[in-house]
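Please keep the sequence and the coordinates at hand while reading.

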Amino acid sequence: MSQKQVRPGAKKEEPTQPREHKKKPEAAPSKDGGAAAATVPKGSKTKEDLDKLLDEVDDILEENAEEFVRTYVQRGGE
Amino acid sequence: MSSGEEKIILKPSTLIMVKILIEQEKQRFVPCGIETEFGMICKGTDPWYAGRNFVYDLAHPIMGFDKSGMAWDPSARLSDQERSAKSVPPASEREEHEFFLQKTWREGGNHLLPPGARFYDDAQAELSTPLCHNPNMVVVWSRAGYRWIDDLRKKYQEILGKEYRIYRNNVAFREIDSYAGFRRHRVSYACHENYTISRSVSWETLIPVFSSWFVLRTPLIGAGKVGADEDSPWVDFQMSQRADFFDCLYGPQTTANRPVYNTRDTAYADEALYRRMHVITGDSNMCELSEYLKFGLTSILVMMAEDGRADSHFELLDPVRSFGKVSRDIEFRELLDFKNRRERKTLLDCLKEYADLFWNYLEICQPDNEIYKDVVRRFYEIIALLETRDLGALFGKSDWATKLFIIKGACERKGQTFRSDFAMTLDRQYHDNDHEGGIFFRQVQNDPLTVRIAADEAIERAMVEPPPTRSRWITETIFKFREWVSSSDFWHTITFFLRDTRKIKILKFDSPYILWDEELAARLFSLTLPEFLEAVPNAGLDAVVKDREELIFTYLSCRDRRYDPDDDGEFVQLPLPWRL
């Protein structure tokens, strides 16, 4: 496996294996200098959220699932 | 880089790229793009022909597209480099692709869309994004493309009364066993990724480094699937749609005997300097974050490989078998075996190691490259969520987790199992490309927990405007000089036939790194075609113009009108304002 090239006379570099968790990214500071702001929204779906979602999903499903599945054939590609 | 740290010696081809970017005061990037195959059915049409009809009927005068068939040379699909990687009879590959030479395909099976995207028939209807320069761009222009397909679906309904259903997934049945009443044998279709990588990176690096990454990144990019395929034992649900369809480690095939590392690498650029890494393992992603991580993290690994900083630490003992194992490991409990280390690791431990590796590399080699650093920050956050095993927390951030959350809840409510048609219907409906009708677009896209990468305004603009990359040069050149264009591959080469002098000229934009330049474009496009062909090789665009003796394809025109989504049915010319 190729190693990064080094200047002549420099120490040979060890393979680039991940070390312990060092230099992880610091979270981006928030505008007011307080706690760091996450880039991914926090929270989780509750049971009530799920029930509401499933009520809506019912509306958009085909009535006859078997027929729906049977008709979905394709050639296949890459 | 601070003093005292070792100087990074870059390979010559990398130096060329970095030089271009430093001159442009831009950060380093990896040119990339997506090819998406769509599943299509149409009421009253044999499903085997639905996708093909969708593409070819765009040439119907009433649809408003001019004939835009572009001639395509099938031998360009294979290069000497990929033939040397594995022994495959080139003749059989040529035969498979010879339909590209047929007049009907050229006249109706291959369309250049205004944003520089290509839409074409290749067994399944397929859409390629224009060439992009970073994961943000990829998400914007891919979403614009998916909007195009949905808008065309609505046009077909309004104008021709055709009711298409279009799915951005990766499995369907090939046929129904009507006697037994059971479904037999599913087929797969793809979502391919393409990355420019220096030709100096060898197969000995590419295959072990990237084959392992393609397997281990599955929790980030898997679209999820009910069931199993290709004689694998049944499983209620797995993370990857594609894993079951892979049979070997490397090779050029894409439709059978699929390899984890695909060795097709026709560069559509200077073949001596560049390779195109063609990735076929990934699923089609509805979640923007999955697509963003897919392209962003793989691009970081590309840059590491170019810099000689990717080694065999993650090389799996058996990547093909591990792909299926990883796909089914939705609880992240399994231990994986590696070639170069004794310790076995779980999937999440591997992802954490990758995150540290990517972050350390960026801190040392590209400390100011905020585009890729943002990708790694989000990577850390997703790993933390995967560790909770809370599907509700992963909602809108991971396709397989979102889909499993919905299907599991729905099956429990209805008293159905994952083996039911009900579960399979939900699986497919998640991928419905109907932007007002599918499960993803109605229940997930605008949810507060969903991570959006592309702004809606950016997507709207991207429907009519190419990205500021080589694709814009190609697209604008074709539209400007369309009367003389004989053929093009839409990425690299345009062939012109100058009727008055009977000369054939081949223009190649040899670098995938060139940037759009509004002022330069205004000067060049004010010229006549002969003047343009004289000037462009000296314009700093890495372009060459050559004579060609034989003209293979004589017919061509392309769209001279642009698509206006607010229009009633007439396609109208739109201006092209450009703002960064």
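**Around Phe323(B)**

Not counting residues up to four places away in sequence, Phe323(B) touches Phe214(B), Val215(B), Thr218(B), Ser240(B), Ala243(B), Phe246(B), Val260(B) and Thr281(B), where contact means heavy atoms within 4.5 Å. The model is predicted: local features need pLDDT of at least 70, side-chain atom pairs count only at pLDDT 80 or more, and totals for chains, interfaces and linings use all residues. Residues are numbered from 1 along each chain as its sequence is written, chains are lettered from A and ligands numbered from 1 in the order in which they are written, and side-chain values use heavy atoms, with hydrogens and water left out.

Phe323(B) belongs to helix H10 (residues 319-328) of chain B; helices (H or I, at least four residues) and strands (E, at least two) are DSSP runs, numbered from the N terminus. With a relative accessible area of 1%, Phe323(B) is buried. Buried means under 20% relative accessible area, exposed over 50%, and partly exposed in between (1.4 Å probe, protein chains only). From C-alpha to C-alpha, Phe323(B) and Asp244(B) are 8.0 Å apart in space, while 79 residues separate them in sequence.

**Nonpolar cores**

A nonpolar core is a set of buried Ala, Val, Leu, Ile, Met, Phe, Trp, Tyr and Cys residues joined through side-chain atoms within 4.5 Å. The largest one has 143 residues, and those with the most contacts inside it are Phe119(B), Phe210(B), Met277(B), Leu297(B), Phe358(B), Phe379(B) and Ile406(B). Leaving out residues up to four places away in sequence, Met277(B) touches Glu193(B), Asn194(B), Tyr195(B), Ile197(B), Leu206(B), Phe210(B), Phe214(B), Tyr261(B), Thr298(B) and Val302(B). A second, separate core has 26 residues, including Trp473(B), Phe490(B), Leu524(B) and Ala539(B).

**Aromatic pairs**

Over all chains, the structure holds 30 aromatic pairs. Rings of Phe, Tyr and Trp (its six-membered ring) pair if their centres lie within 6.5 Å; planes under 30 degrees apart count as stacked, over 60 as edge-to-face and the rest as tilted. The pair of Tyr195(B) and Phe295(B) is tilted, because the ring centres are 5.4 Å apart and the planes stand at 35°. Tyr195(B) lies in strand E8 (residues 191-198) of chain B and Phe295(B) in helix H9 (residues 288-306) of chain B, so this pair ties together parts that are 100 residues apart in sequence. Tyr195(B) and Phe295(B) are both buried.

The rings of Phe440(B) and Phe441(B) have their planes at 85° and their centres 5.3 Å apart, so they form an edge-to-face pair. Phe440(B) counts as buried at 1% relative accessibility, and Phe441(B) counts as buried at 8%. Ring pairs also link Trp473(B), Phe481(B), Trp484(B), Phe496(B), Trp516(B), Phe525(B) and Phe532(B) into a cluster.

**Charges over rings**

Which ring has the charged end of Arg275(B) over it? The ring is that of Trp203(B), and the charged end sits 4.3 Å from its centre. A charge sits over a ring if NZ of Lys or CZ of Arg is within 6 Å of the ring centre and within 35 degrees of the ring normal.

Arg428(B) lies over the face of Tyr167(B), at 5.8 Å from the ring centre. Arg428(B) is found in helix H14 (residues 421-429) of chain B and is buried, with a relative accessible area of 4%. Its contacts, leaving aside neighbours within four places in sequence, are with Phe68(A), Val69(A), Tyr72(A), Tyr167(B) and Asn169(B).

**The chains and the confidence**

Chain A has 2 helices and 0 strands, and 31% of its 78 residues are buried. Chain B comes to 19 helices and 17 strands, and 64% of its 580 residues are buried. In chain B, residues 24 or more positions apart account for 70% of the contacts with a separation of 6 or more.

The mean pLDDT of chain B is 84, and 80% of its residues reach 70 or more; pLDDT is the predictor's confidence in each residue, from 0 to 100. Over residues 1-8 of chain B the pLDDT is below 50, and this stretch has 16 contacts in the model beyond near neighbours in sequence. Residues 66-90 of chain B also have pLDDT below 50, with 88 contacts beyond near neighbours in sequence. For the complex, the predictor gives an ipTM of 0.78 and a pTM of 0.85.
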